Amino acid sequence: MRAARLIKMVLLLQSRPSMTAAELASELEVSERTVTRDAQALSEAGVPVYADRGRIGGYRLIGGYRTRLTGLARGEAEALFLSGVPGALREMGLEDAASAARLKVSAALLPSLRDASRTAAQRFHLDAPNWFREPTTPELLPAVAEAVWDDRRITARYRRGEDLVERELEPYGLVLKAGVWYLCARVSGQGAFRVYRIDRFAAVGAGGERFERSADFDLPAFWGERAEEFARSLLRAEVVVRLSEEGVRRLPHVVDPRAAREALARAGVLEGAGAGAGEWVRVTLPVESEEVAHEQLSALGAEVEVLAPSSLRERFAAGAARLAGLYGV
């Protein structure tokens with residue numbers, strides 16, 4: 001346990017000019033006193049860790065000290081080769097660079113670990129696109145990816161409804177979601193970050209001036225917040241339904257799972273038996289629209305009864321009548 005922590009401490013100091021005891025303690029999840037003891041242990045072992053005293057002091061490595069990757073365990077080496085999605089790297093035009101990097105990492109590993117890339121590939125394959133959708137690579141993705149890597153502004157023309165809009169963007173990060181590429185960027189001179197679908201770009205002028213990246217921007221956190229906001233923004237209507245016990249179990253599988261869980265948590269008191277045996281529960285459910293609710297809730301069959309709005313209830317009744325006529329009931 002301590003040996004792994006010491007290796008991580010060396011790698012942290014190797015990747016930054018210096019770190020305070022508090023920063024190291026946070027990264028290593030230990031106390032500052034433990035950081036002090038670990039630094040002393042490294043120094044005694046011959047690792048040139050130097051402590052700068054004072055209010056803005058910290059720890060740093062001196063003499064250009066570098067460690068090798070020979071401290072990697074087999075599981076760590078195999079995980080290293082799973083750090084990206086091969087198809088995504090290819091679509092961004094980074095397949096050659098990734099291949100070269102893997103070769104260099106393999107060469108630095110101990111001989112007993114150099115088959116890590118092969119053993120990982122035999123056990124795990126990351127397939128990002130969604131089911132039943134032909135994956136397409138946006139033609140302009142490589143140019144956008146290059147600008148993201150270099151922190152260079154781009155001039156982008158993109159489709160917004162029926163119009164073409166042109167903006168100068170500071171491209172911060174790319175996200176691949178269910179086979180669709182998105183760019184997280186902000187308009188030059190403005191503070192708000194926005195999300196753009198790459199397949200809606202009509203033209204991209206790359207190679208502009210570099211911009212200064214905000215140190216506070218956290219791509220995974222930003223995407224998580226925006227994705228949740230987007231999902232909630234789609235749920236603009238409400239329906240009231242009664243669900244059987246089976247309907248309660250299946251509801252999260254046919255509508256937005258988060259909305260289903262929250263609606264079931266607020267569900268009314270169990271009512272008496274409905275159209276079938278067992279108890280039923282009354283639920284107010286947020287939905288995208290009446291049309292979408294009809295399509296989704298139809299999958300529950302007789303395990304759901306729509307109570308409101310009346311127009312949706314009438315739609316289900318009409319559908320049930322057509323089915324009864326079709327099957328001669």
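# Briefing on a predicted protein model

Proline 309 lies in the loop between β10 (304-308) and α13 (310-326); helices (H or I, at least four residues) and strands (E, at least two) are DSSP runs, numbered from the N terminus. This is a predicted model, in which local features need pLDDT of at least 70 and side-chain atom pairs count only at pLDDT 80 or more, while totals for chains, interfaces and linings use all residues. Residues are numbered from 1 along each chain as its sequence is written, and side-chain values use heavy atoms, with hydrogens and water left out.

**Nonpolar cores**

- The largest nonpolar core has 21 residues; such a core is a set of buried Ala, Val, Leu, Ile, Met, Phe, Trp, Tyr and Cys residues joined through side-chain atoms within 4.5 Å. Buried means under 20% relative accessible area, exposed over 50%, and partly exposed in between (1.4 Å probe, protein chains only).
- At least two residues of this core come from each of α8 (141-150), β3 (154-160), β4 (163-177), β5 (180-187) and β7 (201-205). The largest share, 5 residues, is supplied by α8.
- Among the residues with the most contacts inside this core are Val144, Leu174 and Ile198.
- Leucine 174 touches residues including Met92, Val144, Trp181, Ile198 and Leu219, not counting residues up to four places away in sequence; contact means heavy atoms within 4.5 Å.
- A second, separate core has 18 residues, including Leu251, Val281, Leu297 and Leu300.

**Helix α9**

- Helix α9 (residues 219-234) has 16 residues and reaches 22 Å from its first C-alpha to its last, close to the 22 Å expected at 1.5 Å a residue. The expected span is 1.5 Å times one less than the number of residues.
- Phe222, Trp223 and Ala231 are buried in α9. They are on the same side of α9 because they cover an arc of only 155 degrees around the axis, taken from the directions from the helix axis to the C-beta atoms.
- The cover over the buried residues of α9 includes β4, β5, β6 (193-197) and α11 (257-265).
- At the N-terminal end, aspartate 218 caps α9, with a side-chain oxygen 3.3 Å from the backbone nitrogen of alanine 221.

**Backbone features**

- Most residues other than glycine have a negative phi, and most peptide bonds are trans.
- The peptide bond joining alanine 308 and proline 309 is cis, with omega about 0 degrees.
- Glutamate 29, in the loop between α2 (21-28) and α3 (32-44), has a positive phi near 60 degrees. Glutamate 29 counts as exposed because its relative accessibility is 74%.
- Aspartate 151, in the loop between α8 and β3, has a positive phi near 55 degrees.

Conventions. A polar contact is a pair of N or O atoms within 3.5 Å; within protein, one must be able to donate a hydrogen and the other to accept it, and residues adjacent in sequence count only if both atoms are side-chain atoms.
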